[in-house]
2 protein chains.
Amino acid sequence: MSPRQMVRPGGRSARVQESVHAAVRALESEVGRDALTVPLIARRAGVTPSTVYRRWGDLRELLSDVAVERLRPETEPEELGSLAADLTAWTELFLDEMASPGGRAYVRDALLGDPDGGNAGQCSAYAAEQIEVVLARAAGRGEAVPDVETVVDRVVAPLMYRILFRPAGLDASYARALVAGLLDPFGR
Amino acid sequence: MSPRQMVRPGGRSARVQESVHAAVRALESEVGRDALTVPLIARRAGVTPSTVYRRWGDLRELLSDVAVERLRPETEPEELGSLAADLTAWTELFLDEMASPGGRAYVRDALLGDPDGGNAGQCSAYAAEQIEVVLARAAGRGEAVPDVETVVDRVVAPLMYRILFRPAGLDASYARALVAGLLDPFGR
């Protein structure tokens, strides 16, 4: 993972990061991902290529950091009033986002340019945090809830495994069946 | 995936593939993975770099094909006499192989140099084929067995997800618990 985690918000280093990330996002849509180069990104961001290399090491690590930012959930999970409904809605949305062409590319980028595994771990933490919100709401309503690692194993892991390794049959009904299979022992 | 699948065994193209794969394996141990280049590999394999580029596109696709070969299981799953024992033994071995530094590197290579997903699919097919052997033996003994896709979701997917995204707590007892949790509904 880049030193991003240590960046002081609003400091120069945070501004460099934001302008470089913004340059990557803009150039991705203008020239396409395969045409991205560090000099091109640096010119658009108004920094020197050596600033980018010092900070990110290489293009793959930069793209990995940008991918993790793109995979950060933008909204709280929807609240529909039952664990089954909330977890099913979250799971369908997670599948839509991760299995989309953009989502697949970001997941691959996040994994690829990630020598120490920090970015992949952040992707997993985003999913676990959203699941924790769903579970805490359900527990607050007095529902029996599985623990978050069980939901990761039973719902997130099969979806991500199939997105990466075994895409046949990966659809919303499969995602709903994963949630139903998990919650069944809890009396639903 | 490279045209490997279409290669006629024993043909020139098969000999080129074997010599290039052998060159990659030899150079990986001699100079290390990060020092590998297509010209270096081609020289060792006794072919021209353009042969490698024509056949594999780039170094990453070549490394992806070599990784899939390395991930091919070399032995049949051990037969211990019960589904629980056989699946537990296979799962512990699968975790040992995939979570080892070499295994993690091969899984990453297989995934990342794989524009069309064929190599990742082959990795998944290797695991599914081994599981099918375990399940067929158990069914032959009259045991109740889950279907192979359920074993992929409940055992293979959590292990691979945690290897790639969430390694904390990934050990043999976790692997055994995945198998026990899957087989419990079947009366064990």
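How many residues does the contact take from chain A and from chain B?

1. The structure is a predicted model. The contact draws 27 residues from chain A and 27 residues from chain B.

2. About 2,400 Å² is buried between chain A and chain B, and carbon and sulfur atoms account for 54% of that area. On the chain A side, the residues that lose the most area to chain B are A:Tyr161, A:Phe165 and A:Arg166; together they make up 27% of what that side buries.

3. Six salt bridges are found across the interface of chain A and chain B. In a salt bridge between A:Arg162 and B:Asp153, the side chains meet at 2.8 Å, N to O. Polar contacts between chain A and chain B come to 16 residue pairs, with both residues at pLDDT 80 or more.

4. Which helices of chain A each supply at least two residues of the side that touches chain B? They are helix 6 (101–112), helix 7 (118–140), helix 8 (148–165) and helix 9 (172–183). Helix 8 gives the most, with 12 residues.

5. By residue class, the side of chain A that touches chain B divides into 17 nonpolar, two polar and eight charged residues.

6. As for annotation, an unreviewed UniProt entry places the feature "DNA-binding region" at residues 37–56 of chain A. Over residues 37–56 the chain is 80% helix and 0% strand. The end C-alpha atoms of this stretch are 13 Å apart.

Conventions. Residues are numbered from 1 along each chain as its sequence is written. Chains are lettered from A and ligands numbered from 1 in the order in which they are written. This is a predicted model: local features need pLDDT of at least 70, side-chain atom pairs count only at pLDDT 80 or more; totals for chains, interfaces and linings use all residues. Side-chain values use heavy atoms; hydrogens and water are left out. UniProt positions are given in the numbering used here, feature names are shortened, and annotations may be inferred rather than shown by experiment. Helices (H or I, at least four residues) and strands (E, at least two) are DSSP runs, numbered from the N terminus. Contact means heavy atoms within 4.5 Å. Buried area is the accessible area (1.4 Å probe) that two parts lose on being put together, summed over both. A salt bridge is a side-chain nitrogen of Lys or Arg within 4 Å of a carboxyl oxygen of Asp or Glu. A polar contact is a pair of N or O atoms within 3.5 Å; within protein, one must be able to donate a hydrogen and the other to accept it, and residues adjacent in sequence count only if both atoms are side-chain atoms. Ala, Val, Leu, Ile, Met, Phe, Trp, Tyr, Cys and Pro count as nonpolar, Asp, Glu, Lys and Arg as charged, and the others, Gly among them, as polar.
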